[in-house]
Amino acid sequence: MKKELIKACLLGTQRYMPELTDMPGPLADVIGINNGDNEASLLTAAAFYSLMQSAGTPEIKLLSVEYELVAENLPHVNKQIESFLLAALKQKEDIVLQYLCYKMGVAKQIIPAIWVPTVFSLVKNERKQFQYLLSFCGSTGKWLQKQNPEYNFEINDIDTIEEDLEIVTFERRMVLLEEKRKKAPGEANELISRFMQNEPADKRALMTTLLGINYSEQDTVLVTSLLNDKSKKVREAAYAILRQFPGNPVFDTFMQHLSAIAEVVEERHLLISKKQVLKMKSGVKPEKILIEAGLVEICSEKNINDEWYHLAQILSFVPFKRIAEALKVNELNLFNILSDQSYFNFLAPYLAISAEKFEDVPLVRLLLKKQIIFGLIALLPKQEADQFYLNALSAALQNKETNFNLTQLLRSNYTETFQPLDEQLCKKILAFLKMHPYGISAQEYKLLGFYFPASLEYELDNLTNLNSDEYALIYLKNQLLELKRYLEIKKSINISI
Amino acid sequence: LNFSEDQIRQLSPDESSTKAGLQLATPAKWVNAHKHEKALWGACQGSGKEPYSTMIDLQSIAFKCNCPSRKFPCKHGVGLLFLSLKYPNHFKAETELDSIVSDWLNKRDQKTQTAAAKPDKPIDEKAQQKRAEQRVQKVNAGVKELEVWMKDLVRTGIQQIPNNIYSFAANIKARMVDAQATGLVGKLKDIEAIDFYKSGWEEKFISKLSKIYLLIKAYENTSLSEQWQSEIKQLIGWNTPKEEVLNTKPFNDNWLIAGIEKTQVDQLLTEKIWLYGIHSKQFACQMNFYANNQLPQQLFIPGSIIKGDVHFYPAIFPIRCILNQYVTESNLPDIFNESGAIEAMLNTQADRLTLNPFIEQSPFVLTQVYVHFYNHGFLLKDKNHSVFNLKIMPEKAWTIIAFSQGAPINVFGYIQDDAFIIVSFWNQFHFYNMLDL
């Protein structure tokens, strides 16, 4: 009957009118249907059926599987932190959330169960930007994941727990294998070989890079065997390891080619003294194995000879120390020889790659003397790095350089533990910002709030109390007030947790 | 009355007020602080020369402060409450109220009483009767037009309506506004609010349309009892004056503030305070309307108990009420431990619909139930595995599931359009109003 009523309403009574015969007769008379007015009859019958349905809803039973919730073994954050967390979640304040996560991680505390779905929604809707929050969702998060297929995120525990390599995700397995490689390389090799068998080329190449960690001669056999892999990506990853370490044909061939194209010789200088110079030989064709190992034969840049290009590539492939050994000079001498070359500007980026890749602090120092490369400063010991930053900023202030990359300097100084920046550096940063308020983005001002030393708050007050009609200074004032707000949030969180 | 931290947070108008209030909750910020069984008051040193004088009525929760803030309560009010929670010993216990506080409380009492006993104004009975007759004529004409419109709709069929959802009822709605049949306007708006992109819209449409038809037929039926005629008139759009309601016999009980709902339409905020009588098991709902950012006159904490009189609007199944003369009593006692909730709810719903087929929101307190995810939707499930449709946003449903941790919880809500809508939920430790999530 219900279907008939809906059909009649959809089509209209002028096209279709059902027989309302199964309505109990006396009741039909009372409520006035079947009186010739089709529309009235239909509406009355529909009202009657709708009420009958609402009042006579049958009891439905559902026997279902309940997922068991494992008891939480970590405490929840307190009410104050919960309120900070909620406000930041609602306003999607990434910076505050990151700081809260850091503090929660240190205190080994988790998000209250009731707010876990809010975190999940945020991660889901913001394309996993807030994924770092998932580690703080505790067992409630995992329990909800089992129930809702939409919550298909990878959750890493903040506790270090024994995990089964067989069942964890690929990313997690990589982390665990990396740890294993550092502690017991031999055991790790067995596991890497086993898991590589079932993975596609991209993932096998990533797993191959693990063999470069804590590399020793015992690994040569395994890495060399990977040179015959069917995937080019895996072969490239294996070559990248072999060309760094002596004791294998790939490394030896690279060194032979280096000796063939370059030689350090002594030349007479200023009549009586002698000077070491680099002699390059052109026309030496690299062996096939070098091309396979990643060496590009022909240089695409104008005015750069192929042998210089080969040298540059070898500088980025092989640790600087080994190149110096091959050319029979010490590192300092080699650097000085290279820096005397007209090609040095071409070689410098390759040297920077080498310094960064092999974390070669002496080379970093040498390079920084020539040129400030912020990415490299971070490799120096903290005190030394701070001095570099300070000098660079002082120079920028003195020369009134407005194109100085302050953001890069700040980012290089930020630590995962939110350590406040050096006071002297901060004073210079404020001086630079006063000169050039648009030097960093609004978002960067907020982030700086979490790294700003509280002892320098008075400096902020001085700047925010400045009276000026200049747009740039008004902008600076507003941004510094925002910075101060974040500094206050940090202080409040520190007191509360 | 002792407020818990959760309750103070619920009273706070926003997060920033809570934070500011917490910062003020240190003895150093308060020049003095006093407590009495009826009120808390104190002087808070702000940025100005003179400290701000803040007072709180503990009996019918209200705040007063001479700071310039437009928030209600202001951070000083929230701060004073947090101070009472964190540093109760900092308050000087008083046996008598300060004169300023006493004046304020007396004024509040008088205001409530005068609302009940508003002196009768001289009434021009003839003019009043004429106005009433004119209104009846207007409504009658409107109802006739509505009937014709509905019949036309059914005659030509409703299948094209999803193509015309924004305008198919615009004219008739405007006509009902002219006819002063505001109740019918609301019901037509309900039809417009149907999700026409979801399957099953036809059934909802017919159900709502046919119930309006039933209502206007009942309106035309002059043989109904006086009580029923009054009920129907209210549904069509006649209002019962507040004074008339306050003159009805009061209904006294200890009332659980079962939940608060707020809906904003244009500039008008409608607030529903749902109450549940602890002894009588009677439901009540006070509706407050605030226009243009008007500040609320009363503050209630969901999950708390108030003792007081409720005056019901005359109705076959009385729900809407006015709360009069009440004091905040205590926090939620553990009184709900029944099971088999859904079967009992269905039986009660059948009884209620038999009594009054026009009930739109039928309230229930359900104990020992679960929110259950099933087949991309959510169900309310009790310990006997009985289930009932739940109308809820997925994120909110997962929030309740996470809160429950797999254990049964208690919920307050109502059945509307054959689905249950949760207004609040709680276990032995926490009470949450859906509005706060």
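1. A polar contact here is a pair of N or O atoms within 3.5 Å; within protein, one must be able to donate a hydrogen and the other to accept it, and residues adjacent in sequence count only if both atoms are side-chain atoms. With that in hand, have a look at A:Asn148, whose side chain reaches the backbone nitrogen of A:Glu150 at 3.0 Å. Leaving aside residues up to four places away in sequence, A:Asn148 touches B:Phe373 and B:Trp398. Its relative accessibility is 4%, so A:Asn148 counts as buried (under 20% relative accessible area; exposed is over 50% and partly exposed in between, with a 1.4 Å probe and protein chains only).

2. A word on the basis: this is a predicted model, in which local features need pLDDT of at least 70 and side-chain atom pairs count only at pLDDT 80 or more, while totals for chains, interfaces and linings use all residues. Residues are numbered from 1 along each chain as its sequence is written, chains are lettered from A and ligands numbered from 1 in the order in which they are written, and side-chain values use heavy atoms, with hydrogens and water left out.

3. Now the interface. Contact (heavy atoms within 4.5 Å) involves 54 residues of chain A and 55 residues of chain B. The two chains bury about 4,800 Å² between them, 62% of it from carbon and sulfur atoms; buried area is the accessible area (1.4 Å probe) that two parts lose on being put together, summed over both. In chain A, the residues that lose the most area to chain B are A:Leu43, A:Leu62 and A:Ile114, together 15% of what that side buries.

4. Across this interface, 13 residue pairs are in polar contact, both residues at pLDDT 80 or more. Among the elements of chain A that each supply at least two residues to the side touching chain B are helix H1 (2–11), helix H3 (38–55) and strand E1 (60–61). H3(A) gives the largest share, twelve residues. That side of chain A divides into 28 nonpolar, 17 polar and nine charged residues (nonpolar: Ala, Val, Leu, Ile, Met, Phe, Trp, Tyr, Cys and Pro; charged: Asp, Glu, Lys and Arg; polar: the others, Gly among them).

5. Do have a look at the strands too. E1(A) pairs in the antiparallel sense with strand E13 (residues 386–389) of chain B, over two bridges; pairing requires that DSSP finds at least two bridges. Here A:Lys61 stands opposite B:Ser386 in E13(B).

6. A:Asp37 forms one with B:Lys151, with the closest N and O atoms 2.6 Å apart.

7. Within chain A, A:Glu444 and A:Arg411 form a salt bridge at 2.9 Å between the closest N and O atoms. A:Glu444 lies in helix H24 (residues 442–449) and A:Arg411 in helix H22 (residues 406–413) of chain A, so this pair ties together parts 33 residues apart in sequence. A:Glu444 is buried, at 4% relative accessible area, whereas A:Arg411 is partly exposed, at 47%.

8. In chain B, the side chains of B:Lys173 and B:Glu192 meet in a salt bridge (2.7 Å, N to O), and both residues are buried.

Key
Salt bridge = Lys/Arg side-chain N within 4 Å of Asp/Glu carboxyl O. Helix = DSSP H or I, 4+ residues; strand = E, 2+ residues; numbered from the N terminus.
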